[in-house]
Amino acid sequence: MKAITYRSFGTAEDVLELVDMPDPVARPGEVVVQVKATGINPSDVKLRGGARPGAVMQYPVVIPHSDGAGVIVAVGADVDPARVGERVWIWNGQWQRAFGTGAEYIALPSEQAVFLPETTSFAEGACFGIPAMTAWYALYADGPIADKTVLVTGGAGTVGRYACQMAALGGARVITTVSSQEKAAHSGADEFVNYRTQNVTQAVMDMTDGAGVDRIVEVDFAANQDASLGLIRPGGTIASYASASQMRPELDFYGFMFKNIRLHMLIVYQLDAVARRRGEAQLTEWLEQGVLTHAVVPAGHLADAAAAHKMVEAGEKMGTVVLEV
C-alpha cells in the first residue's frame with residue numbers, strides 16, 4: 001500500500017514521505033479499513049513536528065493522522081464477518097499506535113471503526129474522531145443541556161463549529177465568540193460576540209440580561225479565564241479542550257470555588273467506553289437525520305500531505321483539512 005510516513009520529527013516538507021508499505025493484516029478483534037479520506041488535526045502536525053513537551057519518537061516509522069473514514073475490507077477472528085463492506089469512520093487511528101490513517105489501509109480494533117451512514121461522505125466522516133467527538137463530549141459529558149445557555153468560544157474552529165450545532169440540537173441557547181463577521185457566519189450560531197471589538201463578559205451578560213451562561217465550551221482556558229469567571233453562573237461547567245496561549249496557567253481557585261464551578265479539562269483520546277458509545281450513538285442519529293453540516297477543507301491526495309500539514313499549521317483554514325486516499 002501507499003502510505004505517508006515520517007521517521008523523525010521535523011518540518012512537513014523535510015520528514016513526510018510517500019512510500020510503499022506492507023498491507024496490514026487484521027489480528028483477532030481487528031478490522032482492516034480501506035481508507036477513503038484522512039483528516040488532519042492540529043495534534044497530528046504538532047506530533048509530527050515534535051512540539052509536544054518531552055516528545056521522543058516512540059516508533060521507528062510513523063504513519064500519521066488519527067481521523068479517517070473508509071470501508072471495512074477484512075476482519076480478524078472474533079469480529080462479525082458481516083462488517084466487511086461497512087462504511088466507517090475512525091477514531092484514535094494513531095493514538096498510542098505507530099500506524100494511523102495516512103495510508104491506503106489501516107488495521108485497528110473493531111470498536112475504533114464506527115458505522116458511517118450513507119448520508120455522510122467519507123471526507124465528512126474524516127472530521128469526526130477528534131473535532132466532532134470533542135464537541136459532543138464537552139457539551140454532554142454530564143447530561144442533557146436542554147434549556148441551558150451555552151457559550152462556545154471560537155465558534156468558527158473545527159470543534160467550535162460542531163459545538164454550536166450540537167448545542168442547538170440539544171435544545172440549548174447558543175452564544176459564540178468569533179473574530180469577524182465571516183467567522184460568525186461560518187459558526188452557524190445565531191448569537192455571537194466579536195472578541196476583537198467587544199468586551200466578551202459585558203456583551204454576554206447584556207445578552208443574557210445579567211444571568212450569564214450555564215456552560216462554556218472553551219478553546220483557550222488561560223486566555224479566557226477572567227472572562228469565563230465573570231460570566232459563568234454559579235454551579236456551571238467550563239469544559240476546556242485547550243489552553244494554547246499558556247499551557248500552565250495560574251488558576252483563580254477561590255474565584256471558581258465561590259461560584260461552585262466544575263472545571264472539566266478534557267481530551268477526546270481518553271474517553272471511557274461508555275461515554276464514547278453514547279457519543280457515537282448520538283452522532284449516528286444526527287447523521288442519519290441529516291441535521292449536522294461539516295466544514296471539509298479539501299487538500300488533495302496522499303502525495304499532498306506536506307502542503308496539507310502546512311495548511312493546518314498556518315491556522316487560516318476554516319474547517320478540517322482532509323486528504324482523499
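**Entry 1: H4 and H5.** I looked up how helix H4 (residues 128-140) packs on helix H5 (residues 158-169) in this predicted model. Their angle is about 45°, and their axes lie 8 Å apart. H4 and H5 are therefore oblique to each other (under 35 degrees is roughly parallel, over 145 roughly antiparallel, 65 to 115 roughly perpendicular, the rest oblique). I noted the crossing of H4 and H5 as right-handed. Contact (heavy atoms within 4.5 Å) involves residues including Phe128, Trp136 and Tyr140 of H4 and Tyr162 and Met166 of H5.

**Entry 2: H4 and H10.** Next I checked H4 against helix H10 (residues 273-289). The angle is about 105°, with the axes 10 Å apart. H4 and H10 are therefore roughly perpendicular to each other. On the H4 side I listed Phe128, Ala132, Met133, Trp136, Tyr137 and Tyr140. H10 brings residues including Arg276, Glu280 and Trp286. This contact of H4 with H10 divides into ten nonpolar, two polar and three charged residues.

**Notes on method.** Residues are numbered from 1 along each chain as its sequence is written, and side-chain values use heavy atoms, with hydrogens and water left out. For this predicted model, local features need pLDDT of at least 70, side-chain atom pairs count only at pLDDT 80 or more, and totals for chains, interfaces and linings use all residues.

Methods
Axes are lines fitted to C-alpha atoms, for helices over the stretch in contact, and angles run from 0 to 180 degrees between N-to-C directions. Helices (H or I, at least four residues) and strands (E, at least two) are DSSP runs, numbered from the N terminus. Ala, Val, Leu, Ile, Met, Phe, Trp, Tyr, Cys and Pro count as nonpolar, Asp, Glu, Lys and Arg as charged, and the others, Gly among them, as polar. A crossing is left-handed if the near helix is turned anticlockwise from the far one by less than a right angle, and right-handed if clockwise.
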